[in-house]
Amino acid sequence: MKKLMKGNFAIAEAAIQAGCRGFFGYPITPQNELIEYMSVEMPKQDGGVFIQAESEVAAINMVFGASGAGARVMTSSSGPGLSLKQEGISFLAGAELPALIVNIMRAGPGLGGIQPAQADYFQATKGGGHGDYSLLVYAPASVQEAADLTQKAFDRADYYRMPTMILADAVIGQMMEPCEVKSMDTRSDFDKVWAVTGTKAEPGSKKEKRSIVKSLFLNPDELNDHNKKLQRKYQAVAKNEVMFEADSCEDADIVLVAYGTSARICKSAAKITRELGYKVGVFRPITVSPYPYSQLKEAASGCKEVIVVEMSAGQMLLDVKVAMEGSKPISFVGEMGGIMPSPSQVVEAIKKAGRE
Amino acid sequence: MAKNFTKTEMLADTATHYCPGCTHGIIHRLVAEVLEELGVMDRSIAVASVGCSVLSYDYFNCDGIESAHGRAPAVATGVKRMHPDKVVFTYQGDGDLASIGMAETVHVAARNENITIIFVNNAIYGMTGGQMAPTSLPGMVTTTTQDGKISMNESGPIKVSEMLSQIDGPAHISRVSVHDIKHMIKAKNAIKEAFKCQIEGRGFSMVEVLSTCPINWNKTAEESLHWLKDNMIPTFPLGAFKGGAK
Ligand SMILES: Cc1ncc(C[n+]2csc(CCOP(=O)(O)OP(=O)(O)O)c2C)c(N)n1
Ligand code: SF4
């Protein structure tokens, strides 16, 4: 049954229903409802652990420990907190530990502001921390999708043994929408023999040798091999995990490309302009890492112009340029600092493109 | 001939990478012997830190996990909360624990997390080549204080054990040394008491072990033992600050 839910609560409840049994966080607006919900609900779960850590740095390292110990765990934060977590995220990737990181994006840089933004795209999709690694990053555009993708993100994290991320702007975190949080308990689906459990290793048993969870390889050949293994994993993710939505792109003259709340603005603008006779489609990446490069190129192959809309200076814009390979003119509509591009701004851009 | 020494099985059959004369090796052995004697070898989890002991998970013969520099107490917290019945310990240097990781150190004690920290204080950054630490002594020459002026702690080296003992919860906090046999025996007793606190669920325990770094102190192994005794102990007095050995 659908209930009216705030995005932050929906993500938290979805995590619990997905068998998440450890939450480690630090307060920061606009994700506070998530940590507050967890402080109440997580201790009610069998073996559920909630810790309000002393910092985001400590929180992500508690995630490292708890995930290394074999548990399904998560952390959430925003802007400055995500910046602090980057070293830990790189360690998770290096040690091949599954975990969910939620970023309810606020405006930056610096302390910036607490209003919605999409300016952490580069950080989320292009590394953020040190070393060659990628995250599997989901960008929900509704409360229901935030809940569903949270559960998927846990599952994929365990499957690939890598950190995954929910990248949602503050509108998604703060807004209330009807949402049904499904129950998805897959805790037993993954056999984490690699985890540190403090049990004896016995040749011939399932645990052949003692478990060591690490990202350190002092021998360059070994580290090179380890990196190649990680890259093969990211290639499999790119092949199998891309998600997107293409709405009325088939006969479109103009294709709008946006994710999260910006995609909803684009849908409003598309509706308005279609009624005026413009042929407008909306392409919405649901995974922003891996990015739906070929799918976008294909969807926009018949159009005359692509318009990218973001709550940033134009970060995803670069991926769109990569995807389109110079085949179409690309224009950009964006606002920063907690201001959202308005549907009328997008309508104007569509009309301008239509005149050219 | 009768065999009168057997290496504890809690130490893996491998050479360590520690410099000759470094007391890291002695401390490893004391910790390992204690875990064997307490009968918890098969339910221990070692949390390594970043410093010369970065590979300690290769030496302690149990499950092991690495940590980012300074974050071992947070990693250990995550591990322990998921396996409350296991014996979880960190092994950290003074740069790791008292500089970059000070927040994690204070808060793991404040939460009275039921883990044990083995804190190896050699008054210097060993692994990165002998730079000043927050525990460096006044006048100490290091590669970043070549004129002996310690800028990091103008008010004196940070005394972590004294500081943490101001927190109400912890079950055991003590400082020991390994510069001679007598002190090694005392050190082993303190380490045993610390692990007993954890096993009996009495709460957080930490043993600060004064240790040598002959390479970066620019001294022989023997000179280092004397230097520790004559210079470190007056600044870092030995004893139990909370819950002495029973
Ligand atoms: C974030 C980060 N900063 C710096 C370093 C480099 N680093 C490695 S070990 C170390 C100092 C270790 O000294 P200490 O903890 O005293 O241990 P010791 O080597 O003396 O045993 C530093 C600064 C690092 N690995 N990570
Ligand atoms: S550098 Fe110093 S602390 Fe590190 S192993 Fe060598 S002697 Fe020991």
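**A helix in chain B**

In α9(B), the buried residues are B:S224, B:L225, B:L228 and B:M232, where buried means that 20 or more other C-beta atoms, placed from the backbone, lie within 10 Å of the residue's own. Before I go on, please note that this is a predicted model, in which local features need pLDDT of at least 70 and side-chain atom pairs count only at pLDDT 80 or more, while totals for chains, interfaces and linings use all residues. Residues are numbered from 1 along each chain as its sequence is written, and chains are lettered from A and ligands numbered from 1 in the order in which they are written.

Those buried residues of α9(B) pack against β5 (172–177), β6 (205–210) and α8 (214–217) of chain B; helices here are DSSP runs of H or I with at least four residues, and strands are runs of E with at least two, numbered from the N terminus. Contact means that C-beta atoms, placed from the backbone, lie within 7 Å.

Where is the kink in α9(B) centred? It is centred on B:L228 and amounts to about 30°, the bend being the angle between axes fitted to the seven residues ending there and the seven starting there.

Turning to the two chains, 32 residues of chain A are in contact with 27 residues of chain B. On the side of chain A that touches chain B, α3(A) gives the most, with 9 residues.

Technical notes: A residue is buried if 20 or more other C-beta atoms lie within 10 Å of its own, exposed if 12 or fewer, and partly exposed in between; C-beta atoms are placed from the backbone.
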